[in-house]
Amino acid sequence: MPSIPHFANETKRFAVLQQYKILDTASERTFDDITQIAADICQTPIALISLVDGDRLWFKSSIGLGATEIPFNLSFCSYAIQQAEVFIVPDSLADERFVNNPLATGEPPARFYAGVALITSEGCVLGTLCVIDHVPRQLTSEQINILKVLARQVVDQLEIRRNLLEIERSVMSAGTAEKSGKSHNPFIRRLSVWFSIASVVLLGISIIFYQQLSTVMELSRTVVAQHNASEQLTDVLSQIKQIQIDQQYYLISGKPDDLTLYRDHVRALNQRLQTLQLLAPVASEQKRQLSTILQFVSREMAEMDVAIAVRKNQGREAALNHLLMNRSQDQLIQTNQKIENQIQSITQSEQTYIQHWMQEVRSRTDRVAIASVSGTLLELLILGLMFRLIYQEIRKRQVTEQSLKQERDFITAILDTIDALVIVLDGSARIVRFNQKCEKVTGYSFAEVRNKPFWNIFLASDEVDSIKVIFSKLMSQDLPVLHKNTWTTRSGDRRLIAWSNITLSDTEGKVEFIIGTGIDITEQHQTEQELRQAEAKYRSIFENSIEGVFQTTLEGRFLSANPALARIYGYDSPEEVLATLTDIAQQVYVNPHLRQDLMRIMQTQDQILGFEYQVYRKDSSIIWVSESVRAIRDINGKILYYEGSVVDISERSGLKSNVNAFKIRKFGRDNS
């Protein structure tokens, strides 16, 4: 059983195969006609166009076979694709490569195979065109040559299919770009992405700058508040000392003016302390230190108020005694010292905080600078990438335009040199493209038929209506892809053309153009008619012959039999002969040894004429027959099968037959 061959570049081969978009498509008349011709020319019941798709062999067209695909490693084609010439297996059961192959041993058996590889212009092997028979046989040199020609026609049809698909894609792409104006262009999408990235970067830099600036401003406000509080604290101690002096003046003089001055200074001190409380940051060390100062001042003011009250109620001596007893000069100095220490502590804290603030400002300023520089560099990089992208797109479009020009020239050259008729029609059936093959077949130039309805030029009046119906269906995309019609040439000749059609639609799905690819099958049609007539004539001779006609295997089994042979042997039909007589020597020959002698003689000569012997009929009766038989050999001289004719000669004397039998035995001994 063959293994899957290793292609030089399987990836490229498969990519080329995919370009045809033909795998798993419906049957097409163009390919079916080729397989039918191959089967008729080679006189085989099976003909296939197969394509290698990975581990399967898929049939684009099949005559005489119901399956659509088989495993590739079981196929005969796995050998055919490995050579450029026709690969022939005369008898699969006599070939060690296939003797155990299920296709060769199954029912019905594939005993004969001939296949030619389908090779593209790139040198890629796509599959095979092959013919198969259930009996061993050979092909003539003419049949082999025709099989090669048909294989080239298959490849040409595939190339036409690919070229038309390329034209369709080009036209569709151009039409879409022109009508949409701003289609989903990958370049626009990429440019939009980079613009978005640039915008995000700018936004990020702005957010970072705002956050850092907000933090610095908040710190600055805190520093200013602390500084303002510290400046006012330097006056608090002076105010306290002034109040202490005002108290002593009043205690000595008892004058109301001195009391009023004392109270004004106390009120001013309280207002200053309240303002300091408001200026100090919430939950800061300065606020806690201010609270301590307020406690000292509150106690001091309370003691002063007691002394003032004693002075008003009990007189100067009582007030001075109270003051001397409860507040010595040292205690007053200590209280003032504590307040002064707290003020110095606040001042020192302010200095520390200002240093911390300066460091934080420098740090955040550095961050803003780094972010700004990084963002600027990133912006420059993005702008550079965008400019590069724009430059590459411009270059790409220039190259694409050049490639499109070359592609248009290339497609034009293909259309003008391809061995098929290519015509392009608009929605009104006017001719907008007409290749050189059309000009050659019809005798009209493109200038003569351009923008004219094709049916007014090429069709006979009796075909116009039917073709208009097909055209209407094509325009509605109810596609009759394949059809035949007759064109009348300038000289009046009628040419039968087989057409394959595809449509090109705009972005809204409306059909704009119809592309028809045609093959002039006039000669082919005539050949098919002649073959059918010849086959009918041969079949009539075979069926109506008064002589029995047969084909047998070397082992002694009938491959075919005509009605006359069935009548001679006493059977009702040829089918009964084939089903019943499976061992000719034992079931037909009265003397089985004569069959062996006959086979031995046939090894050294091609035919025997007028060999007479006795046979059994179906009812066991015995008759005399005269047989003429010849050996069918392959190109190497090996016998594939026998064919011949039988005549009932029972009315003749049997003595002559005995003499013939003796001569056959003697001839066999002389040649042994």
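1. The model is predicted. One nonpolar patch on its surface covers about 660 Å² and is made by Val 373, Leu 377, Leu 380, Leu 383, Phe 387, Ile 390 and Ile 394. Of these residues, Leu 377 is placed in helix 10, residues 329-417. Leu 377 has a relative accessibility of 54% and therefore counts as exposed, the cut-off being over 50%.

2. Strand 7 has antiparallel partners. Six bridges join strand 7 to strand 11 (residues 511-520), where Gly 518 is the bridge partner of Leu 421. Three bridges join strand 7 to strand 8 (residues 431-434), and there Ile 423 stands opposite Phe 434. The hairpin of strand 7 and strand 8 has four residues between the strands, and in this hairpin Ala 429 takes a positive phi near 70 degrees.

3. An open sheet is formed by six strands in the order 3-2-1-6-5-4, with antiparallel pairing. Strand 3 (69-71) and strand 4 (87-89) are the edge strands, each pairing on one side only. Within this sheet, strand 5 (residues 112-119) and strand 6 (residues 125-133) pair over eight bridges; Phe 112 has Asp 133 in strand 6 as its bridge partner.

4. Helix 2 (residues 29-42) lies across strand 1, strand 2 and strand 6, and runs at about 75 degrees to strand 2.

Terms used. Residues numbered from 1 in each chain as written. Predicted model: local features only at pLDDT ≥ 70, side-chain atom pairs only at ≥ 80, totals over all residues. Heavy atoms only, no water. Pairing = 2+ DSSP bridges. Helix = DSSP H or I, 4+ residues; strand = E, 2+ residues; numbered from the N terminus. Contact = heavy atoms within 4.5 Å. Axes fitted to C-alpha atoms, helices over the stretch in contact; angles between N-to-C directions. Patch = residues over 30% accessible without salt bridge, like charges linked within 9 Å, V, L, I, M, F, W, Y side chains within 5 Å. Areas by Shrake-Rupley, 256 points an atom, 1.4 Å probe, with all protein chains shown as cover. Salt bridge = Lys/Arg side-chain N within 4 Å of Asp/Glu carboxyl O. Buried < 20%, exposed > 50% of the residue type's maximum accessible area, 1.4 Å probe, protein only.
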